[in-house]
Amino acid sequence: MGWLWAIIVGFVLGLIAKAIIPGKQHSPLWLTTIFGIIGALIGNALARAFGIAATPGIDWGRHALQLGAAIVIVFLGDMAYTSVRGSKRERA
């Protein structure tokens, strides 16, 4: 059940990050989901480092860190994907 939840959260975080980043992103949906999962993991690690991983009620700080990390990862990952995909098209 943990993996399913990670995929769902990664999917949602990736889509929100794509909506926040200006311009068009070219990475496919499956890759955006992976970027979202990575962002969630990094956000959780940052929350633990800042001491806000477990708070009573809704963990707004942890969620904000997850979203911030997902935005950065989706942005950088999309740039890398576009760069690699563009160089493959130039060779063909």
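Helices are DSSP runs of H or I with at least four residues, numbered from the N terminus. On this basis Ser27 is placed in the loop between α1 and α2. The model is predicted, and the protein contains 3 helices and 0 strands. Along the sequence the elements follow the pattern α-α-α. The C-alpha atoms occupy a box of roughly 55 × 25 × 20 Å along the principal axes. Of the 92 residues, 26% count as buried.

The loop between α1 and α2 holds both Ser27 and Lys24. Ser27 has a relative accessibility of 4% and therefore counts as buried, the cut-off for that class being under 20%. Lys24 has a relative accessible area of 66% and is therefore exposed, since that class begins over 50%. The side chain of Ser27 makes a polar contact of 3.4 Å with the side chain of Thr32. Thr32 is itself among the buried residues of α2. Ser27 and Thr82 are 55 residues apart along the chain, and their C-alpha atoms are separated by 7.3 Å. For Lys24 and Asp78, 54 residues apart in sequence, the C-alpha to C-alpha distance is 9.7 Å.

Thr82 belongs to helix α3, which covers residues 60-91. With a relative accessible area of 33%, Thr82 is partly exposed. The side chain of Thr82 also reaches the backbone oxygen of Asp78, at 2.8 Å.

Helix α2 spans residues 29-50 and has 22 residues. The distance from its first C-alpha to its last is 31 Å, close to the 32 Å expected at 1.5 Å a residue. The buried residues of α2 are Leu31, Thr32, Thr33, Phe35, Gly36, Gly39, Ala40, Gly43 and Ala47. Just after α2, Gly51 adopts a positive phi of about 80°.

The largest nonpolar core has 8 residues, namely Leu13, Ala17, Ile21, Leu31, Phe35, Ala40, Ala70 and Val74. Each of α1, α2 and α3 supplies at least two residues of this core. The largest share, 3 residues, comes from α2. In soluble globular proteins, nonpolar side chains tend to be buried together.

Nonpolar side chains also occur on the surface. Leu4, Trp5, Ile8, Phe11, Val12, Leu15, Ile16, Ile20 and Leu29 form a nonpolar patch, with about 800 Å² of accessible area together. Helix α1, residues 2-20, provides the largest share of this patch, 8 residues. Trp5, in helix α1, has 57% relative accessibility and so counts as exposed. Ile16, also placed in helix α1, is partly exposed because its relative accessible area is 36%, between the limits of 20% and 50%. The C-alpha atoms of Ile16 and Gly57, 41 residues apart along the chain, are separated by 22 Å.

The structure holds 1 salt bridge. Asp59 pairs with Arg62, and the closest N and O atoms are 3.2 Å apart. Side chains of opposite charge can pair when their charged atoms come close. The two partners fall in separate accessibility classes: Asp59 is buried, with a relative accessible area of 10%, whereas Arg62 is partly exposed, with a relative accessible area of 21%.

Methods. Residues are numbered from 1 along each chain as its sequence is written. This is a predicted model: local features need pLDDT of at least 70, side-chain atom pairs count only at pLDDT 80 or more; totals for chains, interfaces and linings use all residues. Side-chain values use heavy atoms; hydrogens and water are left out. Patches are made of residues with over 30% relative accessible area and no salt bridge: like charges are joined within 9 Å, nonpolar side chains (Val, Leu, Ile, Met, Phe, Trp, Tyr) within 5 Å. Accessible areas come from the Shrake-Rupley method with a 1.4 Å probe; for residues, only the protein chains shown count as cover. A salt bridge is a side-chain nitrogen of Lys or Arg within 4 Å of a carboxyl oxygen of Asp or Glu. Buried means under 20% relative accessible area, exposed over 50%, partly exposed in between (1.4 Å probe, protein chains only). A polar contact is a pair of N or O atoms within 3.5 Å; within protein, one must be able to donate a hydrogen and the other to accept it, and residues adjacent in sequence count only if both atoms are side-chain atoms. The expected span of a helix is 1.5 Å times one less than its number of residues. A nonpolar core is a set of buried Ala, Val, Leu, Ile, Met, Phe, Trp, Tyr and Cys residues joined through side-chain atoms within 4.5 Å.
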